[in-house]
Amino acid sequence: MANSIEQNNCSVCSQRTQCVGAAAGSQTTSHRIRIERHTSLYEAGSAVGDQIYHIRSGSFKVVRGPSAPDAESHVIGFALAPDFIGLDALDQLEYSNSVVALEDSVVCSISWNRHAFEGRRRPVMRAHLHALLAREMRREQRAALMLRNTQAEQRMADLLLTLSERQATYGYQPEEFRLPMSRCDIASYLGVTAECVSRLLLQFKQRALFELCRRDVKLLDMSALRTMAFGHEPQPEQAMLAAA
């Protein structure tokens, strides 16, 4: 479980504008939790409290199925800073998925009850929370369609584009980012073998679609990746919807 929990001072947090729980006039709307690599933030079957989580640094994988090392499980998504975690469990009694740190990470644990109260008083905060929920729904719908209707090459291209679009959404360089997940995690997410992932990465590199040094990625041909993922270069309005 978590390695340490610290009181937060939200009023001086550099990511305060990203966090829908940063209530003006309160300095303790959340707690900061440090999570070691390969450690679960929460596990499938555990009770849902009144918390959602904002990733301050690091990354996580979302796993469907048992969290035991020798049990069969399936990676169904990835969450990177400054994403939110736990939005899908707001109306549940138990978590349906496990969330495991891909690297040493830090999250803010934010009281949902405080969110609900501030949301009623502050329409802007409520609208921000609704936008987060809508964004997560669009991401899940896109992932489900891509994994069900496409081949492995298209899925890999879409994963790279999705990570790039997340970078752009948060104001970072979209062509350069890290792959914090292992090839086995990517394989589980794409529904292929780890050997297939290695072959795909090599093919993409040989076709000058990207450069890969350890886990650092530099996308070289975004247009070709979009054509590979979608079968064509999406129109501007389609690209905006995909990135939302």
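Helices α4 and α5 are roughly perpendicular to each other, and the first exercise shows how you get there. You're working with a predicted model, where local features need pLDDT of at least 70, side-chain atom pairs count only at pLDDT 80 or more, and totals for chains, interfaces and linings use all residues. Residues are numbered from 1 along each chain as its sequence is written, and side-chain values use heavy atoms, with hydrogens and water left out.

**Exercise 1.** Work out at what angle the axes of α4 and α5 cross, and which residues meet.

*Solution.* 
Step 1: Find the helices. α4 covers residues 183-190 and α5 covers 194-206; helices (H or I, at least four residues) and strands (E, at least two) are DSSP runs, numbered from the N terminus.
Step 2: Get the angle. The two axes come within 8 Å and cross at roughly 100 degrees. Axes here are lines fitted to C-alpha atoms, for helices over the stretch in contact, with angles from 0 to 180 degrees between N-to-C directions.
Step 3: Under 35 degrees is roughly parallel, over 145 roughly antiparallel, 65 to 115 roughly perpendicular, and the rest oblique.
Step 4: Look at who touches whom, where contact means heavy atoms within 4.5 Å. From α4 you have Arg183, Cys184, Ile186 and Ala187, and they meet Ala194, Val197, Ser198 and Leu201 of α5.
Step 5: Sort them by class. You get six nonpolar, one polar and one charged; Ala, Val, Leu, Ile, Met, Phe, Trp, Tyr, Cys and Pro count as nonpolar, Asp, Glu, Lys and Arg as charged, and the others, Gly among them, as polar.

**Exercise 2.** Now do α3 with α6, then α3 with α5: what are the angles?

*Solution.* 
Step 1: The axes of α3 (152-169) and α6 (222-230) come within 8 Å and cross at roughly 130 degrees. That makes α3 oblique to α6.
Step 2: The α3 side of this contact includes Leu160 and Leu161, and the α6 side includes Met222 and Phe230. By class, the contact of α3 with α6 divides into eight nonpolar, two polar and three charged residues.
Step 3: For α3 and α5, the angle is about 70 degrees and the axes are 11 Å apart. So α3 is roughly perpendicular to α5.
Step 4: Among the residues that meet are Met156 and Leu160 in α3 and Leu200 and Phe204 in α5. The contact of α3 with α5 has nine nonpolar, one polar and one charged residues.

**Exercise 3.** In what order do β10, β11 and β12 line up in their open sheet?

*Solution.* 
Step 1: The order is β10-β12-β11, with antiparallel pairing.
Step 2: β10 (176-178) and β11 (210-213) are the edge strands, each pairing on one side only.
Step 3: Three bridges join β10 to β12 (216-219), and Phe177 stands opposite Val217 in β12.

How values were computed. Two strands pair if DSSP finds at least two bridges between them.
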